[in-house]
Amino acid sequence: MSMILGIETSCDETAVAVLDGEGRILSNELNSQVEEHAPYGGVVPELASRRHMESIEALTQNALDSANISFSHLKGIAVTNRPGLVGALLVGVNFAKALAYALNIPCAPVNHLEGHIESAWLADPYLPTPAMLLIASGGHTHLAWVPQRGAYQFIGWTLDDAAGEAFDKGAKMLGLSYPGGPAIDALAKHGDPHFVAFPRPNIHSESFHFSFSGLKTALRYYLRDEQIKPRFPLSVADVAASYQEAIVDVLVEKLSRAALQYKARTISIVGGVAANSRLRLKLENRAQDIGLSVILPPHFLCTDNAAMIAAAGRKKIRCMKQSDWGMDAISTLKVKNNSAAMSKISYL
Ligand code: KG4
Ligand code: ZN
């Protein structure tokens, strides 16, 4: 048996998963800390690390139990070592190294964003390439050109806030709960997306980079100006729907334009924001209009999970002669300085 254990602790989700030798998910356990961070309106790094430490051992046992295997069946361990909160990453990295050392099996470092890319193939192992993928989460908004599975190039990213951050900060201004994405998504279903004409930053620029800080400011000024108007009570649902529409329009436009320019066959979205119902609907319609296939992974593969980490580390584990026991946690993503280069998953 050649099972791979995946471990993910880069932010506020402790996750452990088991994949079989064919890359199929046998278990995918998750312990979300969302409720603990909610009172602070965002992730508190030290709290995240402490919660990871408390839950990682039991979650690993759960993942093995759900997969109906024991430690001796594991062939290797893949763990997220970048990018993310360093204290949070260190918990997963050190746990993975200690376990791999004790079991005498390889331990492979995985780039979290490469995990998100692989989650599109977990959703559809036959996903047609070339493909254009959007990774949109709380920390990242990246357009990845994927000529074939396992190779990718980032062709655009956010110059300021990530799309998920725009949702979270916008929700806070609207008095909604954390995390803001699901809260805006739910409320927007009862609102008019054309109620406020918020700006669509960079939507027509030639570059594939994103910028969401101006939109956030536009919401702030809109709310400030509305407060002094003694009109009817402000319809938060209408404002939320309009704000969401602006983010979604930018994401759909840039992703589809990049796909056409690069002559992709498929478009896909991954990362927490990919769970957004309006984004999924509008992207599906756009893909149909321009004749491309679209893969919308199920929610459990959109948000952070360890199955995607195991999937991204599988190839590396197969080729590894020995582990780098000095493997460190790295907070940043080097790719920004190296955007022109094609990268290979698991070989960075
Ligand atoms: O990928 P993820 O689980 O963690 C990170 O790596 O950041 O993404 C979390 C982000 C949060 O900003 C959250 O508000 C957003 O994804 N999100 C959504 C939705 N569900 C989660 N944004 C919009 N609509 C949603 N339904
Ligand atoms: Zn993520």
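Predicted model: local features only at pLDDT ≥ 70, side-chain atom pairs only at ≥ 80, totals over all residues.
Okay, salt bridges to start. Searching the whole structure turns up 16 of them. As a reminder, side chains of opposite charge can pair when their charged atoms come close.

Take Arg149 and Glu118: their side chains form a salt bridge at 2.7 Å, N to O. Arg149 sits in the loop between strand 7 (141–146) and strand 8 (151–157), while Glu118 belongs to helix 4 (residues 112–123), so this pair ties together parts that are 31 residues apart in sequence. What about burial? Glu118 is buried, at 4% relative accessibility, and Arg149 is partly exposed at 41%.

Next up, Asp20 and Arg24, with a salt bridge of 2.8 Å, N to O. Asp20 is buried because its relative accessible area is 9%, under the 20% cut-off. Arg24, on the other hand, comes out as exposed, at 52%.

Then there's Arg224 with Asp225, bridged at 3.1 Å, N to O. Here Arg224 is partly exposed at 46%, and Asp225 is partly exposed too, at 31%. And have a look at this group: Arg200, Glu245, Asp249, Arg278 and Lys282 are joined into one network by salt bridges that share partners.

Last thing, the surface. Which residues form a positive surface patch? That would be Lys75, Lys315, Arg318 and Lys344. If you want to find Arg318 on screen, go to helix 11, residues 307–319. Arg318 is exposed, with a relative accessible area of 52%.

Okay, that's my tour.

Terms used:
Residues numbered from 1 in each chain as written. Chains lettered and ligands numbered in written order. Heavy atoms only, no water. Patch = residues over 30% accessible without salt bridge, like charges linked within 9 Å, V, L, I, M, F, W, Y side chains within 5 Å. Areas by Shrake-Rupley, 256 points an atom, 1.4 Å probe, with all protein chains shown as cover. Salt bridge = Lys/Arg side-chain N within 4 Å of Asp/Glu carboxyl O. Lys, Arg positive; Asp, Glu negative; His and termini not counted. Charge placed at Lys NZ, Arg CZ, Asp CG, Glu CD. Helix = DSSP H or I, 4+ residues; strand = E, 2+ residues; numbered from the N terminus. Buried < 20%, exposed > 50% of the residue type's maximum accessible area, 1.4 Å probe, protein only.
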